[in-house]
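Please follow the backbone of the model shown here through several of its loops and one of its helices. The paragraphs below treat each place in turn.

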Amino acid sequence: MSSRALATTVTEVLLPGKVEPSGLRVQTRDLPAPAAGEVVLRMDATGVSFAEQQMRRGKYYDQPPFPFVPGYDVVGTVTAVGSDADAAMVGRRFAAVTKVGGWASSLLVDAADLVAVPDEVGAAAAETMVVNGITAWQMLHRTAKVRSGATIVVLGANGGVGSTLVQLARHAGIRVIGTASVRHHETVRELGAIPVDYRDPDMYQRIREIAPDGVDAVFDHVGGSGLKESWRMLRRGGTLVSYGTAATKNEDGNSQLPVLKSFARLAMWNYLPNGKGAHFYNFWAGRRRLAVFRDRLREDLTQVLRLLADGVLTPQIAAEFPLADAGSALALAESRTVAGKVVIVPGVPQS
């Protein structure tokens with residue numbers, strides 16, 4: 001079945017420039033029919049990642065110029081296919097990582113970027129595991145290669161990536177120390193981690209008391225001056241994985257500078273003769289070899305979604321908002337008061 005007949009009228013949320021969440025604009029336009037290899041994906045769920053929080057400030061490393069439609073990942077149902085795309089995809093649910101464009105009622109996606117979602121997994125639940133699940137899985141198993149019996153530290157264990165990382169690590173037999181505000185400590189415990197208050201000025205000392213011999217890996221999305229403390233917590237042979245610069249998100253200036261500073265610091269540490277390793281995780285690394293990148297992404301997300309379907313992973317849905325109220329979704333995600341991922345759905349939030 002090829003559906004190149006009529007254009008689809010879509011509703012989408014536009015980020016017009018450096019605005020507050022309330023400055024997002026809702027617009028409608030005609031979506032062209034899918035070209036060769038493309039599909040029309042009706043959005044069933046998308047969400048707010050840290051990337052969108054940086055993008056509205058113009059602080060994401062390689063974001064497009066304003067104005068554009070945000071939306072780093074999406075779960076949806078194929079409604080039409082272009083030539084060279086499999087007609088059997090129509091009516092089936094898939095996930096995709098888009099980087100931008102997900103905050104729309106429908107969007108065009110390359111069929112090769114779609115990953116099948118198990119029938120027994122709801123759209124909102126699957127959405128919590130797309131970019132978060134891939135990131136957590138790859139950092140744990142591909143970058144740090146942490147083994148059963150190890151001890152790790154997850155900064156921001158209540159967040160979207162952090163909560164997924166905790167669950168994947170516990171499933172793999174890894175002991176987890178997770179930082180979070182006190183209000184989220186019970187959630188962190190339920191996920192299987194030992195909570196530590198990130199606002200405690202003696203946070204690093206508290207972690208050392210729990211793991212006096214050091215830890216096997218630290219997963220740090222904060223960056224900034226605290227990166228040195230994360231490095232110091234490692235035992236010989238341990239691995240630091242830096243995957244963000246949240247500490248500098250409100251600072252003015254060049255959006256690339258904090259990342260480049262982290263690159264330089266991590267590279268320097270790798271030359272020290274102490275057996276430790278330091279890495280900056282980049283979701284898009286390796287995309288120049290597109291076929292290999294897609295195969296790896298599909299393999300990793302498929303494993304994460306299967307764990308979700310089997311009940312090994314519990315989706316951490318902080319709240320659901322309709323697409324037209326994406327500004328409120330973004331504001332809530334930025335408030336740092338919630339655990340898990342803020343999800344956006346087409347219309348009235350799902351019960």
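Arg 336 lies in the loop that runs between helix α10 (326-334) and strand β15 (341-345); helices (H or I, at least four residues) and strands (E, at least two) are DSSP runs, numbered from the N terminus. The model is predicted, so local features need pLDDT of at least 70 and side-chain atom pairs count only at pLDDT 80 or more, while totals for chains, interfaces and linings use all residues. Residues are numbered from 1 along each chain as its sequence is written, and side-chain values use heavy atoms, with hydrogens and water left out.

Most residues other than glycine have a negative phi, and most peptide bonds are trans. Arg 336, which is not glycine, has a positive phi near 60°. With a relative accessible area of 54%, Arg 336 is exposed; exposed means over 50% relative accessible area, buried under 20%, and partly exposed in between (1.4 Å probe, protein chains only).

Asp 84 belongs to the loop between β4 and β5 (93-97). Its phi is positive, about 75°, although Asp 84 is not a glycine. Asp 84 counts as exposed because its relative accessibility is 73%.

The loop between α1 (50-55) and β4 (73-81) contains Pro 67. Phe 66 and Pro 67 are joined by a cis peptide bond, with omega about -5°.

How many of the 13 residues of helix α3 are buried? In α3 (residues 131-143) the number is 10, so the helix is largely enclosed by the rest of the structure. Among the buried residues are Val 131, Trp 137 and Leu 140. After α3 comes Lys 145, with a positive phi near 50°.
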